[in-house]
Amino acid sequence: YNPDDLTNLNVVSSDTNTDNEDVNVNGQNGNESNATSSSSSSLWDNASLPCHPPARVGHISVVRNDHLYVFGGLLYNEKEGVFYMEDAPFMYRIKLSEDEFRNDNEANTSANSDYYKDVNVVDGEHYKDDIDGNQNNTNTKDFVGQQQMKEKVMIWERIMPNVKNPPQVMASPTSTADDTTPPRPQDILNRGEVRGGYWEKQDKLIVYGGLHVRDYQTLTGREQQADYTLGDVWSYDFKTDTWEMISSPAWSMTASMSSSGKSKKRDHPGDRTSHTAVVVGDELVIYGGLKKVDTFLWDGSTIWEQLDDVWIFDLNTHQWKEREMAESMGRAYHSLVGWETGNVDGLLEGEGTVIASFGGYKTITDPIDNQQISYVYDDTLVTFPPPPTNDTSTSLWFLATYEGVEVTIPTRLEHTAVLSKAYGNMIVWGGRYRLTSEIHGVWSLNINGADSNVLYMIRGDDDDVENVGVAYVVLFTVM
């Protein structure tokens, strides 16, 4: 991949993924599958292909061994104006390296590589066009073989992974009687607004929380859409293509009294959506999001509570621990990257994970007219582990600033960010403000590189009017 040569990838599309198959969550195409006996190769050897994922939002993607994997997300019904989920928690992948496009007998196929000019999909049937323009029906295996004769043609695959039965399945603590019954246990894995990351040491994808949506009929016969926020942790083993719940959605409140005067201490972050999450070393870190608190009876819309907490999940011990923050920085639809503790001049820090969050929005209530006001941010917030003094230590939020930059990144939410391990740059792309057309460019901030010139200042609480909605000089454009 050459970053200076940006081209549109030639991806084979298909109408075969209409999601009307008889799929069982514990198997593929209606057949039961044992999560411990099926191998990764057997599932992908029998994958549906070509089978691209339908357009979606709120999914998660990860690159592993030259493959791009995509899981979860919400699809949009333009006619009804509602979001919905796929029928089952499918896993999609597409190979990004050129060896995907050649078969084992490369010498023979190279000689015939110019025979097929194009491949079309007509009413779900695969056709091949020869050099004379004649159209001939072919089966899927022939179709894939033809693609392997052609260089730089990318093919999506889809499988129904194995899913281990959760140790316990509980209803969402935020569901109400108006939502009727909670999601079935086998549907809990399937979700949108998926957040997590790749656990490189164990070769697993880790996801936490998200949103489960479904339609239901009220007592008056009206169709409504129910939102269920989730608070469980799942791991996907790439070697066995198996999902396993490693932390249940149940959470409890343990009474305690700290020196700061807080009377309750939770041992679990609880359900949420629109949050951010990142895997750093052996830790999953989550920050912010929205919690469902109620449903308006007259229109079925959801009432949300803004969250501002930071939690760390130990992937080895499966235990949660909250990072107490000195200031309240509620955010939703923001981005998050993280790295292990480094040396930063002038900052007192302990050992652990550093996280940096950019953008997002926060909703507050106007004290005068009780109306909801949403602020969209363009600041980069960084927090370090607290000094190793005692268990009651709190961490500060720092504002990352950069001097001498005239053009900065626009305010946004619903964007993505990644961290370059090689250079320590935080890369931000996409999202929206009011409209997606207001967002442009790919932006970079050297936040953890050896030659980083980022300056840190303590960020005041969001309740401080001077800090609300203020644009800060943070990032500079690279494209």
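**Entry 1: an open sheet**

I began with the sheet in which four strands are arranged in the order E20-E21-E22-E23, an open sheet with antiparallel pairing. Strands here, like helices, are DSSP runs numbered from the N terminus (H or I of at least four residues for helices, E of at least two for strands), and two strands pair if DSSP finds at least two bridges between them. I then looked at the edges, where strand E20 (276–280) and strand E23 (319–323) each have a single partner strand, so one side of each is left without a neighbour in the sheet. From one strand to the next the twist averages 35°, taken between axes that are lines fitted to C-alpha atoms (for helices over the stretch in contact), with angles from 0 to 180 degrees between N-to-C directions.

I note for the record that this is a predicted model, in which local features need pLDDT of at least 70 and side-chain atom pairs count only at pLDDT 80 or more, whereas totals for chains, interfaces and linings use all residues. Residues are numbered from 1 along each chain as its sequence is written, and side-chain values use heavy atoms, with hydrogens and water left out.

Strand E22 (residues 302–314) runs antiparallel to E23 and is joined to it by five bridges; I found lysine 321 in E23 as the bridge partner of isoleucine 312.

**Entry 2: the whole protein**

I counted three helices and 34 strands in the protein. Of its 479 residues, 47% are buried, where buried means under 20% relative accessible area, exposed means over 50%, and partly exposed lies in between (1.4 Å probe, protein chains only). Among contacts with a separation of 6 or more, 63% come from residues 24 or more positions apart, contact meaning heavy atoms within 4.5 Å.

I then followed tryptophan 243, whose contacts, leaving aside neighbours within four places in sequence, include Phe71, Met91, Leu205, Trp234, Ser235 and Tyr236. Serine 235 has its place in strand E16 and counts as buried at 4% relative accessibility. With the neighbours within four places again left aside, serine 235 is in contact with Lys204, Leu205, Ile206, Thr242, Trp243, Glu244 and Ile246.

**Entry 3: aromatic pairs**

I found 16 aromatic pairs in the structure, a pair being rings of Phe, Tyr and Trp (its six-membered ring) with centres within 6.5 Å, counted as stacked with planes under 30 degrees apart, edge-to-face over 60 and tilted for the rest. The rings of tyrosine 287 and tryptophan 397 have centres 4.9 Å apart and planes at 40°, so this pair is tilted. Tyrosine 287 lies in strand E21 (residues 283–295) and tryptophan 397 in strand E29, so the pair ties together parts 110 residues apart in sequence; both residues are buried.

Phenylalanine 384 and phenylalanine 398 are both buried. I also found a cluster of Trp44, Tyr69, Phe71, Tyr198, Tyr236, Phe238 and Trp243, linked by ring pairs.

**Entry 5**

Strand E30 (residues 416–419) and strand E31 (residues 425–429) pair in the antiparallel sense over four bridges, with valine 418 opposite isoleucine 427 in E31. Their hairpin has five residues between the strands, and glycine 424 takes a positive phi near 75° in it. On to strand E32 (residues 442–446), which runs antiparallel to E31 and is joined to it by five bridges; here isoleucine 427 stands opposite serine 444.

Beyond four places in sequence, tyrosine 433 touches Val376, Thr411, Leu413, Glu438 and Ile439; from valine 376 it is 57 residues away in sequence and 7.5 Å in space, C-alpha to C-alpha.

Last, I looked up glutamate 403 in the loop between strand E29 (397–401) and E30, which is exposed at a relative accessible area of 62%. Its C-alpha atom is separated by 8.3 Å from that of asparagine 453, 50 residues apart along the chain.
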